[in-house]
2 protein chains.
Amino acid sequence: MARTRVHNFFVSLDGYSAGETITLDKPIGGAERLFQHFDGRVIEGVHAVDDPITLDRALTSTWGQGIGAEIMGRGKFGPQTGPWTDEEWRGWWGDEPPFRTPVVVLTHHARESISFDNGTSFHFVDATPADALERARDLAGGKDVRIGGGASTVRQFLQADLIDFMHLVTVPIVLGRGVSIWDGLEEVQDRFAIESTTTKSGLVHHFWNRER
Amino acid sequence: MARTRVHNFFVSLDGYSAGETITLDKPIGGAERLFQHFDGRVIEGVHAVDDPITLDRALTSTWGQGIGAEIMGRGKFGPQTGPWTDEEWRGWWGDEPPFRTPVVVLTHHARESISFDNGTSFHFVDATPADALERARDLAGGKDVRIGGGASTVRQFLQADLIDFMHLVTVPIVLGRGVSIWDGLEEVQDRFAIESTTTKSGLVHHFWNRER
């Protein structure tokens, strides 16, 4: 049975995983400090970076393994809000988006799908989490579906109990403000078996596997 | 620059990573207990196994990332010793060896190469570690080379200072006998920056990156 997975989800000690307002200059809304303890989100495999091969890199490299589609919130796709006025916007990533699979973008505003030569395509969908997941599963060809964020998208899927696996990374910083991942998720941990470990960078990696 | 990497190298508390005599029934020479704390060597990616996705599985799944060729000792290829009398033997793995790259098998006894449909091929080479590595690099197409074991092969490459990265896994058991990885390697750790972490299974994962 294909899983629904969250990967490389970085959260501050006070529970924030993004800033409040995403702009062209601040694609994580000012919460870029979350990634200062780690030199990048190595999602292509440990060989894709120069030495050294760290534990952080090894753990984050599971991002794409067996993934057939992603679901993302609109804020991850771009800084625009409301009806699309600029359909020239094709995401933050230029001609080589790293996804290499179909991607469902959650938005209330319809738009034509976009395809790239490297296997990435974006499909704009106005749907509940459950319906979006069904659409993504159709696109995933039997493989797993990744919930790609941002914070409020991950929170909605956790609230709907649609997450089978989550790789959460707690970062030893206090952001003070932003989008909290945990609002409305009291006791969410009870549905999961949780394993944690530390690395030299100060990050703590948590693997949440849903109890069956 | 392509690396030379060791992955998923399981060692007991007393430094043994294989038994002394490999037979058809005991491909690790009686040291199979090394793997009892872990339900398999997940080398294809975390999606290749059923739930749960554990930290152990995530870390071991880096085995194949960016690898273009492997070097193995003869004992990993089969239980035979001396001149080849049975060229029907094509390794332990049937028609689908998991390597999917060229593999250099170190042996003093010449034999024709063997190829499989899934991209695996075995090339029998009588060479020093340095010369075998040169051969493997030719076959690897610019990608990294993995030193696949067994214990004495890894030890020889460490002694020759040819290893850039090693994922060592210490297992909380005492085997009492076998092939020691550490013989003749006093102070080998001084050449590496080492990072370690623990997981729920009791395994400790050590990432050794050669100092540049």
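The model is a predicted one. Two copies of a chain are related by a rotation about an axis and a shift along it.

The contact between the chains draws on 31 residues from chain A and 31 residues from chain B. Of the interface residues of chain A, 100% are also interface residues in chain B, so the copies meet through the same surface. Together the chains bury about 2700 Å² between them, and 54% of this area is on carbon and sulfur atoms. Ile53(A), Leu55(A) and Glu195(A) account for 25% of the area that chain A buries against chain B, more than any other three residues. On the side of chain A that touches chain B, the elements giving two or more residues are α1 (55-60), β10 and β11 of chain A. The most is given by β10(A), with 5 residues. Between chain A and chain B, the count of salt bridges is 0, while 13 residue pairs are in polar contact, both residues being at pLDDT 80 or more.

Chain A contains an open sheet of 9 strands with mixed pairing, in the order β5-β6-β4-β3-β7-β1-β8-β11-β10. Strands β5 (114-115) and β10 (192-198) of chain A stand at the edges with a single partner strand each, so one side of each is left without a neighbour in the sheet. Within this sheet, β8 (residues 165-171) and β11 (residues 204-210) of chain A are paired in the antiparallel sense over 6 bridges. One of the residues involved is Val169(A), whose bridge partner in β11(A) is His205(A).

Two helices lie across the strands of chain A. Helix α4 (residues 151-159) of chain A lies across β1, β3, β4, β7, β8 and β10 of chain A, at about 130 degrees to β7(A). In the loop between β7 and α4 of chain A is Gly150(A), which is joined to Gly149(A) by a cis peptide bond with omega of about 0 degrees.

In chain B, 9 strands form an open sheet of mixed pairing in the order β5-β6-β4-β3-β7-β1-β8-β11-β10. Its edge strands are β5 (114-115) and β10 (192-198) of chain B, each pairing on one side only. Strands β3 (residues 67-73) and β4 (residues 102-106) of chain B run parallel and are joined by 4 bridges. Ile71(B) stands opposite Val104(B) in β4(B). Helix α3 (residues 129-140) of chain B packs on the sheet, and its direction makes about 150 degrees with that of β3(B). Helix α4 (residues 151-159) of chain B also packs on the sheet, touching strands that include β8 (165-171) and β10 of chain B.

Two backbone features of chain B complete the description. A cis peptide bond, with omega of about 0 degrees, joins Gly149(B) and Gly150(B), and Gly150(B) is found in the loop between β7 and α4 of chain B. Asn8(B), in strand β1 of chain B, has a positive phi of about 55 degrees although it is not a glycine.

Key:
Residues numbered from 1 in each chain as written. Chains lettered and ligands numbered in written order. Predicted model: local features only at pLDDT ≥ 70, side-chain atom pairs only at ≥ 80, totals over all residues. Heavy atoms only, no water. Contact = heavy atoms within 4.5 Å. Pairing = 2+ DSSP bridges. Axes fitted to C-alpha atoms, helices over the stretch in contact; angles between N-to-C directions. Buried area = accessible area lost by both parts, 1.4 Å probe. Salt bridge = Lys/Arg side-chain N within 4 Å of Asp/Glu carboxyl O. Polar contact = N/O pair within 3.5 Å; in protein donor to acceptor, adjacent residues only side chain to side chain.
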